[in-house]
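Look at the fold, then at the ligands.

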Amino acid sequence: MSDPVLRRQTRQRKVIVEELKKLTSHPTAAELYEATRRRLPHISLGTVYRNLALLGRMGVIRKVEGPGPEARYDGNVDPHHHVRCVRCGGVADVGHLPDSFQEDRPAEVGGFEILGVRFEFIGVCPDCREQQATGTGPSKNAEDQQGQ
Ligand SMILES: [Zn+2]
Ligand SMILES: [Zn+2]
């Protein structure tokens, strides 16, 4: 049995997972669509969205929870924490955390058995920091001189 529609869907899903696992930038669906389109020129953004939702439910990929208008996705499903940029919304992985972060966690909160903890750091990413440092606009001195 080789249903051509089914085969195409399987291939699309495979490419989406491969491209997502290659990226460490936690892309939005639109960003992942751009990457996927290089290999599958006829794929649609809707197909990418649908597959991301399905793959997330299957546990093959992870949807990065958090604020922001657009969901971001992670090909790394191993437990790890994130740091999110308050300026551009970019998300990066946090490497090693002190063991106390893992060990001090309560076994029960409000009657819930606690299975894990999910939080994210918030900060300003290297790119945005550079922009902050260089993009300060015209200096005060230049304005003063023009006014004289
Ligand atoms: Zn940023
Ligand atoms: Zn991640």
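Which strand gives the most to the lining of the largest pocket? S1 does, with three residues. This is a predicted model, in which local features need pLDDT of at least 70, side-chain atom pairs count only at pLDDT 80 or more, and totals for chains, interfaces and linings use all residues. Residues are numbered from 1 along each chain as its sequence is written, chains are lettered from A and ligands numbered from 1 in the order in which they are written, and side-chain values use heavy atoms, with hydrogens and water left out.

**Fold**
- The chain holds six helices and seven strands. Both are DSSP runs, numbered from the N terminus: helices are H or I with at least four residues, strands E with at least two.
- From the N terminus on, the order is α-α-α-β-β-β-β-α-β-β-β-α-α.
- The chain has 148 residues, of which 24% count as buried. Buried means under 20% relative accessible area, exposed over 50%, and partly exposed in between (1.4 Å probe, protein chains only).
- Take the contacts (heavy atoms within 4.5 Å) between residues at least 6 apart in sequence: 46% join residues at least 24 apart.

**Zinc ion (ligand 1)**
- Its protein donors are Cys-85 (SG), Cys-88 (SG), Cys-125 (SG) and Cys-128 (SG), 2.3 Å from the ion. Donors are N, O and S atoms within 2.8 Å of the metal (3.2 Å for Na, K and Ca); water is not among the atoms, so sites may look incomplete.
- The four donor atoms subtend angles of 103 to 113 degrees, so the arrangement is tetrahedral. Four donors count as tetrahedral if all angles lie between 85 and 135 degrees.
- The donor spacing in sequence is C-x2-C-x36-C-x2-C.
- Cys-88 sits in the loop between strand S3 (81-85) and strand S4 (91-94), and Cys-128 in helix H5 (residues 126-134), so the pair ties together parts 40 residues apart in sequence.
- Cys-88 is partly exposed at 46% relative accessibility. Cys-128 is buried, at 7%.

**Zinc ion (ligand 2)**
- Five residues coordinate this ion at 2.0 to 2.2 Å: His-26 (NE2), Asp-74 (OD), His-80 (NE2), His-82 (NE2) and Asp-93 (OD).
- Their spacing in sequence is H-x47-D-x5-H-x1-H-x10-D.
- His-80 is buried, with a relative accessible area of 14%. His-82 is buried too, at 4%.

**Asn-76**
- Asn-76 lies in the loop between strand S2 (72-74) and S3. Its relative accessibility is 29%, which counts as partly exposed.
- Leaving aside neighbours within four places in sequence, Asn-76 contacts Arg-62 and Asp-93.
- The C-alpha atoms of Asn-76 and Asp-93 are 9.7 Å apart, and the two residues are 17 apart along the chain.

**Glu-19**
- Glu-19 belongs to helix H1 (residues 4-22). This residue is buried, with a relative accessible area of 5%.
- Leaving out residues up to four places away in sequence, Glu-19 touches Leu-32, Ala-35, Thr-36 and Arg-39.
- The Glu-19 side chain makes a polar contact with the side chain of Arg-39 (2.8 Å). Such a contact is a pair of N or O atoms within 3.5 Å; within protein, one must be able to donate a hydrogen and the other to accept it, and residues adjacent in sequence count only if both atoms are side-chain atoms.

**Largest pocket**
- About 490 Å³ of space lies in the largest pocket. On a 1 Å grid over the protein atoms alone, where a 1.4 Å probe fits, a pocket is an open set with protein on both sides within 12 Å along at least five of seven lines; lining residues have an atom within 4 Å of a point.
- Of its 23 lining residues, the closest to the centre are Arg-62, Pro-79, His-80, His-81 and Val-117.

Methods:
Four donors count as tetrahedral if all angles lie between 85 and 135 degrees; four count as square planar and six as octahedral if opposite donors are over 155 degrees apart and all others between 65 and 115; anything else is irregular. Grid points are joined across faces, edges and corners, and a volume is the space filled by probe spheres set on the points.
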